[in-house]
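Hi everyone, thanks for coming.

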Amino acid sequence: MGKFQPIAEALIAGTLSNANGSGVKVYEQSLETSGETKLVMIKDLDSHVKYIAAAGQGPLYDALHGEVQDGVKLCPLSHENRLVLNQYFDYTVPRAFGTQIATIGLGDRLGIASPGHIRTVKGRNVRPILAQQSIRELNLTGRDYKQVVDAACYAAFQEGYKDGFGADGDHLKVEADIEMALGLGFTMLTLDCSEKIDNSVEGTTAAEQEAKYAKLPESVRSHYESRYLNQAFPVAGASIAFDRETLIKNVLIYAAAIDFMEHIYVTYIKNAAREVDFEISIDETMTPTAPESHFFVAKELYNRGLTIYSMAPRFCGEFQKGIDYIGDIAQFEKELVIHAGIADDFGYKLSIHSGSDKFSVFPIIGKYTKGRFHVKTAGTNWLEAVRTVAKVNPSLYRSMHQYALEHFEEATAYYHVTTDLSQIAPLDQVADADLADTYMNENNARQLIHITYGILLQAKDAQGNSLFKDAFFRTLSEQEEAYAQSLISHIGKHLDLLGK
């Protein structure tokens, strides 16, 4: 009997009870029927390659690309086959969620975390944005947006997950990238306005700001002065006022960014053929976003007829990668009340960027957003993959850790961290059994591994062969369930503390 014959027989019989032959894993929850075609996701345990196994006949069977072996059509998880699944099964298509339910961004840099993420959110009052990558992350991992969405769609099929998931073109700032992402079916766009926000204004005197403001076109100055100067606005049970100095500073910092937001909305979002969740990122500033700045941007957008899904201000304290919040929690709570109130008054969700592992402030976020929030995570999912590898393949972890140490400075060009390498325990002092806990539970080591992901995944030897990537993915495929359980535990902690 051929390896895949039990799959063929099981699909024809309509039961998967005897489908798991030697060398094949069957994802039973993926079983689907359309007309006279039956499908199920499988994995060849010898090659560690996944397929859609199809049996029967009809339009769906014919549309899927694959080869018949042992009586079953083995269809690779290609972009073309994903588009076929999208035509027949709506739940495999990304969707927009609007503002009335909490969402969590689950940036899967590896393309293999989404099954664990789905199992984490299933049954909770939150929806996952499974596909979430920035252009920087794509460049560092060697992936593209087609692969990112494909992985999310196939994960939904594999898990039989029908509650919906989104796809976020994260931190996009170039129009060509925005057009590309929307063309590929992304249902959320996070607009990065960092290059339009004038950070040079911070630290200048009021006189210098007045002089710079005077150089703006009279039409711009009169526009803002007529709407805001010496006016006060009730917001979140408080009042936000704009004297001349406050208004000038906000116009100088944000006016160009607001024009950019409007341009992107009118050009790409307003007339899109489908719903798109439009997020505004104003967190790339030198100082925390003042309440009047948050209100100023929001008020101007809504005056211009924009509708947004969420906004990400920069909060006080530090939201560094892969570790808990650094800062005065009481002050954070005081300011979050206002930021959440502004978002609630306008009707959009407050978005928390670099939201991974901010356990000490999650209950505050859940409370004051009234459970309507968007929290972005990404690198913490990579760290859980590394944790899994450290537990089961210590020699691979040791090699990766040493390489990360040697290339840490190179990685700091991409991320702001306060890592102290001297605080990381030397490898020769840590037993294999203690690697995961020693390094993945310590802030400096977490950040070391967190920010070097691209360097590690792209590292090659003198012959051009992968130093770590192939062995890393092979280990995670062999430990698929362990990785899923690690994500369920870790991301589940995030959601528990957020009240979901």
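Predicted model: local features only at pLDDT ≥ 70, side-chain atom pairs only at ≥ 80, totals over all residues.

Okay, let's start with strand 6, which covers residues 103–106. Which strands does strand 6 pair with? One partner is strand 7, residues 127–134, and those two run parallel with 3 bridges between them. The other is strand 15, residues 373–377, also parallel to strand 6, with 4 bridges.

In strand 15, Gly-105 stands opposite Lys-376, and in strand 7 the bridge partner of Gly-105 is Ile-129. So what about the faces of strand 6: covered or open? Both are covered, with Thr-103 and Gly-105 buried on one side, and Ile-104 and Leu-106 buried on the other. If you follow the chain from strand 6 through helix 4, residues 114–121, into strand 7, you've traced a right-handed β-α-β unit.

Next, the annotated spot. The unreviewed UniProt entry lists His-171, Lys-321 and His-353 under "binding site". I'll talk about the two histidines. His-171 is in strand 8, residues 166–172, while His-353 sits in the loop between strand 14 and helix 13.

Are they buried or exposed? Buried means under 20% relative accessible area. His-171 comes out at 18%, so it counts as buried. His-353 has 7%, so it is buried too.

You'll see Asp-150 in helix 6, residues 145–159. Its relative accessible area is 8%, so Asp-150 is buried. What does Asp-150 touch, apart from neighbours within four places in sequence? Ser-78, His-79 and Arg-82.

On to the nonpolar cores. How many residues does the largest one have? It has 86, and the ones with the most contacts inside it are Phe-278, Ile-280, Phe-296 and Phe-332. The largest share of this core, 15 residues, comes from helix 10, residues 244–269. Apart from it there's another core of 39 residues, including Tyr-415 and Leu-435. If you zoom in on Phe-296, its contacts beyond four places in sequence include Tyr-224, Tyr-228, Phe-242 and Tyr-254.

Asn-230 isn't a glycine, but its phi is positive, near 60°. Asn-230 is in the loop between helix 9 and strand 10. Exposed means over 50%, and Asn-230 has 63% relative accessibility, so it counts as exposed. Lys-370 also has a positive phi near 60°, and you'll find Lys-370 in the loop between helix 13 and strand 15. At 62% relative accessible area, Lys-370 is exposed.

Definitions and conventions: Residues numbered from 1 in each chain as written. Heavy atoms only, no water. UniProt positions renumbered as here; feature names shortened; annotations may be inferred. Buried < 20%, exposed > 50% of the residue type's maximum accessible area, 1.4 Å probe, protein only. Pairing = 2+ DSSP bridges. Right-handed = clockwise from strand over helix to strand, strands pointing away. Contact = heavy atoms within 4.5 Å. Core = buried A, V, L, I, M, F, W, Y, C linked by side-chain atoms within 4.5 Å.
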